[in-house]
Every structure is written in structure tokens, then in C-alpha cells.
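Try each task before you read its solution.

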Amino acid sequence: MPNPQKQTLKPILKELLYELLTQEQDLLKDLIYEVIEDMAMANAIKEGIDSENVSREEIFSLLED
């Protein structure tokens with residue numbers, strides 16, 4: 001038996017997604033950028049957990065090059 005709530009929400013979600021894709025492209029781009037940034041940060045944290053600590057000076061000398 002189909003879920004009535006699901007059947008009611010499906011067209012609403014479709015309409016919202018369509019509007020997001022067509023009218024709110026900047027919002028969608030920002031959202032995607034944030035998700036990618038969060039994933040990159042999580043990966044960097046995961047990789048850095050077992051690495052040795054470095055000094056602040058070492059970091060800034062690498063950034064200046």
C-alpha cells in the first residue's frame with residue numbers, strides 16, 4: 001500500500017528541486033561549494049591525525065613559497 005504522505009510530498013519536492021535548479025542557482029552553487037569544502041576539511045583532518053606536529057613557522061614558510 002503506498003504511503004499517502006510520501007505521495008503528497010513527492011510533487012512538492014520535485015517543484016522545490018526544479019525551482020532550486022532554475023531560479024536559485026547561486027544558492028545551489030554555494031551549497032555545493034560548502035559540501036566540497038567540508039569533505040576536503042574532513043579528509044585533511046583524517047590524514048593529519050596520525051602525522052607529526054610541525055611548528056607555526058614551518059607552515060608559514062611553506063605558504064610563503
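Helices (H or I, at least four residues) are DSSP runs, numbered from the N terminus. The model is predicted, so to speak of a local feature takes pLDDT of at least 70, side-chain atom pairs count only at pLDDT 80 or more, and totals for chains, interfaces and linings use all residues. Residues are numbered from 1 along each chain as its sequence is written, and side-chain values use heavy atoms, leaving out hydrogens and water.

**Exercise 1.** Find the helix that holds D38, then find the negative surface patch.

Step 1: D38 sits in helix α2.
Step 2: The negative patch gathers E15, E19, E24, D26, D30, E34, E37 and D38. Asp and Glu count as negative, and patch residues have over 30% relative accessible area and no salt bridge, with like charges joined within 9 Å.
Step 3: Two or more residues come from each of α1 and α2 (25-48).
Step 4: With 5 residues, α2 gives the most.

**Exercise 2.** Decide whether K6 is buried or exposed.

Step 1: Locate K6 in helix α1 (residues 4-23).
Step 2: Recall the classes: buried is under 20% relative accessible area, exposed is over 50%, and partly exposed is in between (1.4 Å probe, protein chains only).
Step 3: K6 has a relative accessible area of 57%, so K6 is exposed.

**Exercise 3.** Do likewise for I12, and name its nonpolar patch.

Step 1: Helix α1 also contains I12.
Step 2: I12 is partly exposed because its relative accessible area is 43%.
Step 3: L9, I12, L13 and L16 make a nonpolar surface patch of about 380 Å²; here nonpolar side chains are joined within 5 Å.

**Exercise 4.** Where does S51 lie?

Step 1: S51 is in the loop between α2 and α3 (56-64).
Step 2: A polar atom of the S51 side chain lies 3.0 Å from the backbone oxygen of G48.

Terms used. Areas by Shrake-Rupley, 256 points an atom, 1.4 Å probe, with all protein chains shown as cover. Salt bridge = Lys/Arg side-chain N within 4 Å of Asp/Glu carboxyl O. Charge placed at Lys NZ, Arg CZ, Asp CG, Glu CD. Polar contact = N/O pair within 3.5 Å; in protein donor to acceptor, adjacent residues only side chain to side chain.
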